[in-house]
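Here are my comments on the model you sent. Please read them with the structure open.

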Amino acid sequence: MEKRTATCYHIRTFDSLHNFLHTLKTVNADQPDQAIPFAFRQIPLFLDNFARSRKFPLRPEATVEEPTMNRVFWISLLMTLGGGLLNPQVVNAQILSNGSFDKGTQGWGLSQQEAARAQFTVVDSDSPDGGQSGRIAVTINGPAHRIQLAHSFPIKRLTTGKGYALHFFARADQLTSFQVSLMNRNKPWENLGLKRPVSVEPHWKEYVFPFYARKSDQEIGKVNFFMGQAKGTVWLDGLAIEAYDPQTITPDGPKLTTATWDLQFFKTGAIARLVHKSTGQVLIEPGVDRTAYTVTLFKDGTNKTITSEQASSIQAKPLQDGSGYSFVAQHSGFIVTLRYEIDQETGLLACRSKVENKSDRAVTRITFPILNTPQMLGNDSTDDVILYPAFDGNVMDDPYHVFRKRSGLLSGAYPGPLSCQVMAYCDRTAGLYIASHDPDGYAKTFTVDAGFQIRFSIAHLASAVAGKDLIPPYPIILGPFTGEAKRGGTSWYDAAELYRKWASRQKWAKKKVRTREDTPNWLRKGALVTTYNPRQLTPPGDQSKLEAFLKDYSSRFHTQLLPNNRGFEHNGTWFGQEYLPVIPDEVTFKESAKVARTIGGQSMIMLSGYRWTIDCITPEGTHYSSQPRFDREVARWAVHDPQGNPVIGTSTKKNDYHGRKWSRMCRATDFAKKTIVDSAKYFVECGYSVIHFDQECSGAYSASVCWARDHDHPPGNGRWIHLAMADLYQKISDACRPIDPDFALSMEEPNELYLPWLNLCQERPFGITPEWPVISPATRSVPLFLYLYHENLIGWAAFYPWKSGGHPCYSLAKGFTIGQMPGLVPTRSLRRWKPDTQRPFMTLLERCMTGYQTFAHDYLVWGRMERPLTLPIPQRHFKWAPKGKESQALVVPAVSHQVWSLDDGRIGIVLVNPETKARELAVDLSPLIESERRVVGLDRKVVQVGPACRAGHGVIQDTTRGLELQPEPVCPLLDRIAIKAPVVIRQMSTQASEQTHDGPIFRVTIPALDMVLLEVPAP
């Protein structure tokens, strides 16, 4: 390779050259914009073909092989252009003046803060860029920002909104990592479009990070390497910023096509392009990174990551049945096989991977597939949406602009904070569906990252067992999806429906709230969850305050109550696992549960997951330590790190719910299971029917990865984590259900894998602010999990008016329409509100509770959620200021609504008006009523009929008109029959008498602070 000098521009690859040509046109700050000459445009064609075949390609417009003429043409062209490549004007295209260290340290600067130390020198180098390189030896670590190496450049050389790529070579004397960013040189250090982690290995490797340039008010920017946490010595060379356009990249692998979509690969096995035919929507596009997979190898406490680009060879083969391709990649010590084939059930692409491990290392991860999607879908990003399965469901609206305003990525574990296995990227035209169809709970992570493009990937995790293969036994399904125009076009609901069709057939979705035997009768009626502190309401032997509180709620809301005794632990709330003795004493504790049953309800106890509190300050201000017992009995069974030591957490926060020091029991050990089961059994024996397991799937999954070698599991990650949790839930159920027929098991945050054991789940999709459980840079929460599994599990809201940004009526309206069992803190907690906030909230809650208990009960307790209607509902715009941050805009509907269906064919539309004025809406239920319903089981045909029809023994009867239609052979030409019948819509609310509407199109008035149900009768 050729070294960059004052008179020469380094040309690295075909793509880099094409970027170089674009640089001549768009980046040169000192030369006028001019078109690229015809001859320059031919160079990429030549280099691409010559590099791959070592033959001169056909000259432009040639139609037959002419070896001599081709050779003459290309040699003449290159000689003509030789002077152009050496023209001094090219120097101006270099945005960084000394990226190759030819001028020593000129343009570079090293910052060392506090105790962190490093040495920066320029040395002779064997890098692919040649000449000299920068050498950074980190001698004392610290936080990442404590050591910074930066190269400055004039920001005017970047055009805001244009695409560029940062290139550099790097190696290290040991595996290490750091971060690279583009940012202002001075305060405020705003990001200029790039912030990426970099993992460096002991050999030279080129790193390429595409980005879009962001606007800046400063004149000077810098490429900044944050190296405070780097280990040992790192070498850098060949730093350059070049213009970048993915449209110039041509896929070079095989093609796969169906009637619906066209797909093309790179030769590396990566998916290069996916196009939905009928809409023309490009859903996956080529990128500068052609990585098909990455494999992580573990040995002696260190990880090594290998990519597909490091394979010694990759061979593509068509499958025998013609339904796809396999790619076999050879590496030193292992072989990777990728298999792509058309999925017969969905018509989408099924992707499978396999790592055959022949080394002495453990294969702990394969990341596959890796998909580069466009920065925006179509020509307008405002209707673009990314669906991400964190908690109940997260959405990122307009990711194009979100990723330009903030850095970050979405990355979470399944099982863990991710409740299901589906992602999507769509606009109203079409979208990309990406899902793992795994029924068995294998460990994986789902990531959405943005540089120049938006990248989706799924990593499959395994335990650290040397020499073992990694073969995920499930497919990743991906491909286009669309929605109906009459329902508002494509949305995340359409992707969720694809996933629901698969998920509803899995073992975890077999039981339903309405029919499952382990759902206690009281729970099917619904209840109001609340909480109380026994230190305040139940002094020894005195239940009067608790009685008054529960009677007030029972009479006000006309419902069962489920009070949570929060703070029963003698050393303070969330102190685990030494719960006993309870506060204030066992007798009073048991009487509190009896009071709840007497007034009409049950009682709940929350357990603190697997956490073991070692040290804390009690509510009374005393110091408690269980260190001696922990060392003696618990440490052996705690989660261990890769070095074999118990993982210990500490905190200096005054009110940290963890305490001042804590650890976590390894969930696979009998010690952990017995500790938790014994506690649950004790509380049920004391009269507390609901056991709630807290702080696990909501984010603690990664803390459960245990490396101990004497526990009953393999070291590191793996499916064992899920199996251990499922076993715990089974043991809790076996121990507690025989004691109390009203027993119910609850968990914080949902996860599909545990539906067979759970009756309840604490869920939080009712919030209207972009706070946890919205994971930045996502913008809002959505009821994805409720859409998938509302029939299988009762989710309860914890607790209104949580995450409402000062507008609690709107979060309350959202929570009721999406079918959550309500939760409310004691009203004394609402006293800080102004009367004009508190009164409407309580009024709306009381009325919604009436609807929840009466006319909307079946829908909201065990109905099946459907996609909402497209209604002309105005939006409300509020300002919300998170603590210590700038205010943000909140956009919420003036009326919340959701569509529900029941097994008997009824459809209900629940609308809630959170405002103090009545709202009139024009509604059109035609998309619900006119949707054709399949009647299966006729002689040979599947006939579609209208809602007034019934299916009999080979006959379709219109129950309205008495018409009888025979299938074949009487009606041989009929493939589909659609018979419409008059439909009467019922309208119910708490503030008005029942009304009816003839036909699907009418106007409805939703009273102020009220719930309305529109019910479509069963066909």
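1. A cut-off comes first: a residue is buried when its relative accessible area is under 20%. C809 has a relative accessible area of 8%, so this cysteine is buried. C420 is buried too, with a relative accessible area of 0%. Keep in mind that this is a predicted model.

2. How many disulfides are there? The count is zero. A disulfide is a covalent bond between the sulfur atoms of two cysteines. For C809, the closest cysteine sulfur belongs to C848, and the distance is 9.1 Å. The cut-off is 2.5 Å, so the two sulfurs are too far apart for a bond.

3. Helix α14 spans residues 808–817, and helix α15 spans residues 835–853. Their axes come within 9 Å and cross at roughly 10°. The two helices are therefore roughly parallel to each other. By class, the contact residues are 11 nonpolar, one polar and no charged.

4. Now the sheet. Five strands form an open sheet in the order β2-β3-β10-β5-β8, with antiparallel pairing. Which strands lie at the edges? They are β2 (117–124) and β8 (205–212), and each pairs on one side only. On average, neighbouring strands are turned by 30° against each other, direction ignored.

5. One pairing can be followed in detail. Strand β5 (residues 163–172) pairs with β8 in the antiparallel sense, over eight bridges. A165 stands opposite P210 of β8.

Notes. Residues numbered from 1 in each chain as written. Predicted model: local features only at pLDDT ≥ 70, side-chain atom pairs only at ≥ 80, totals over all residues. Heavy atoms only, no water. Axes fitted to C-alpha atoms, helices over the stretch in contact; angles between N-to-C directions. Helix = DSSP H or I, 4+ residues; strand = E, 2+ residues; numbered from the N terminus. Parallel < 35°, antiparallel > 145°, perpendicular 65-115°, else oblique. Nonpolar A, V, L, I, M, F, W, Y, C, P; charged D, E, K, R; others polar. Buried < 20%, exposed > 50% of the residue type's maximum accessible area, 1.4 Å probe, protein only. Pairing = 2+ DSSP bridges.
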